[in-house]
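Let's learn to read ring contacts in a protein, one question at a time. Have a look at the model first.

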Amino acid sequence: MRKKSNIQHNKRFSILLVTFSFAFVSLFARLMYIQCYKGKEYYERAIRQSEIKIDLTSNRGTIYDRNNVLLTDNEKEDIVVILKRNFKLDKEKIDILKKVTKLSEKEIYNEFETKNNLVELKIKYLNDNLRKQIESKKAILIVNKTYRYRSENILTHVLGYVNENENKGVSGIEKAKNDLLKNQNREYVEAFVDARKNVVPGSFKKYKSQNTNHKNIKLTIDYNIQKIVEKALDKKHKNGAVVVSDVNTGEILAMASRPNFNPNKIEDYINSKNQELLNKAIQCKYPPGSIFKIIVTLAAFEENVVDEEEKFNCNGYIEFDGIKIKCWKRDGHGEETFKEAFYNSCNPVFVEVGKRLGSKKILETAKRMGLSDKIDIGIEEEKETSLPKGDTIKGNAIGNISIGQGDIEVTPLQINQMTQIIANNGVYKKLYLFDSILDQNMNEVEKHKTEKDKVVISPFIINRTKKLMEGVVESGTASNIKGTQENSAGKTGSAEYYINGKKFVHGWFTGYYPAKIPKYAVTVFIYDGKSGGGAAAPVFKDIIENINNIKQVQAQ
């Protein structure tokens, strides 16, 4: 009996031991799972519930221009951060804050009445004595804050903006390169509260986290040229877009859109009807108007259906398939050669030449010149062009296409690509915006891969067209801008556009400089500018003259 009892006792003990061991292993496994696999998630949840935080940096990689000029994260200033719940305002503290911030007593009280647990005030004046007084107080810190975007709001549409709550890019480069830019080196002021909503002693301080795989982005943009472009657009409050590229490389040196926006106050534009958040250089498509006559000219020279000296007669309109297409000059240009018709941007002559060519040849040439697909510079908002198929165009539609109207819509970026090909004697060098990826020590870790150059049209045909573009500036519709240090070449365009029955006339000018050995291709689009010569060409001249000025200064 005693032996049987011992066996039963041992059996119960074994069962208990196995049960305990199983429970222990299960608990240990659960703890390991929580710590190793779910620890970060639970930690972040706890932090979101208990933290009071102000970011001092953007927690994103920096974006540089081609010369390593900071395009983001370049403006810094000292601020005071106050833990409101632990900082009782009294006369002494108010006097100190008034001296440091240059705010009135009422303004200081207003800041403390906000819902924010941390009060952030900009420092306007600080000496050693004031610093000692502040540092002697509890629940107040002097820290340095870095702002993501420049206060001058430069290159805003290209850079885009970030949803601060999620630190996620919403548009532009911020969106296109979000995975590379996010979660980088970070500095912040933080305080923790316990379950009773009391601040944990010693937790209110500045924190810093380092990402050992920190990445930055370098662009082809030239900060100085970008400033010139934006100033030229703003000088007369122009609504539109400009693209400047390097003819020899395809690098985009500047890109601007108007109206502009402040990326630090995005909430002001979300419901706006003024299109501030649209990048008109890549995100909006417009009829090219008379700058499309460059395409018709290239096709006509290739097919040998016209030469520069052939004579035409313009009486102010041409009838084509029962439709009257007018010239911009009401009484017509009278007798003129084809080259003079190009200088004058004469519609009837180009409708006649378009009839000889047919739509298929015109659109095939447009495709070769970069107007059929989006350029794809790496920004998601870039739109594809609207270019009809040649075999679907009949009747008077050929007349409209010959003067850049009808179903043709392009972006300013695509027109700049076309212009760059012309300036480069028929060689296609794809435009690009991203130069390289850098580490936190500014070492290049990845270089942008450029596409192989290709000749898309005969240099002989291109050179004949280039001479006509020089004539536009010398004696044609853009003669108002001649007189730069070296001659320019280009083409004006005025394109009709209807929105909800309302007529708009957009102004274009696209060209290159210098005329003989081109360096820059510049495309200017002015929304409802009425005419290319009157609205867009002067912006081109302003840009070129100021580029020359900075080049002369740099050379000294």
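Q: Which residue lies over the face of Tyr 188?
A: A charge sits over a ring if NZ of Lys or CZ of Arg is within 6 Å of the ring centre and within 35 degrees of the ring normal. Here Lys 53 lies over the face of Tyr 188, 5.1 Å from the ring centre. Likewise, the charged end of Lys 280 sits over the ring of Tyr 527, at 5.8 Å from its centre.

Q: Before we go on, what kind of model is this?
A: It's a predicted one, where local features need pLDDT of at least 70 and side-chain atom pairs count only at pLDDT 80 or more, while totals for chains, interfaces and linings use all residues. Residues are numbered from 1 along each chain as its sequence is written, and side-chain values use heavy atoms, with hydrogens and water left out.

Q: How many aromatic pairs does the structure hold?
A: Rings of Phe, Tyr and Trp (its six-membered ring) pair if their centres lie within 6.5 Å; planes under 30 degrees apart count as stacked, over 60 as edge-to-face and the rest as tilted. This structure holds 14 aromatic pairs. One of them is Phe 338 with Phe 350, a tilted pair at 5.3 Å centre to centre and 45° between the planes.

Q: Are Phe 338 and Phe 350 buried or exposed?
A: Buried means under 20% relative accessible area, exposed over 50%, partly exposed in between (1.4 Å probe, protein chains only). Both Phe 338 and Phe 350 are buried.

Q: Which residues form one aromatic cluster?
A: That's Tyr 286, Tyr 497, Phe 504, Trp 508, Phe 525 and Tyr 527.
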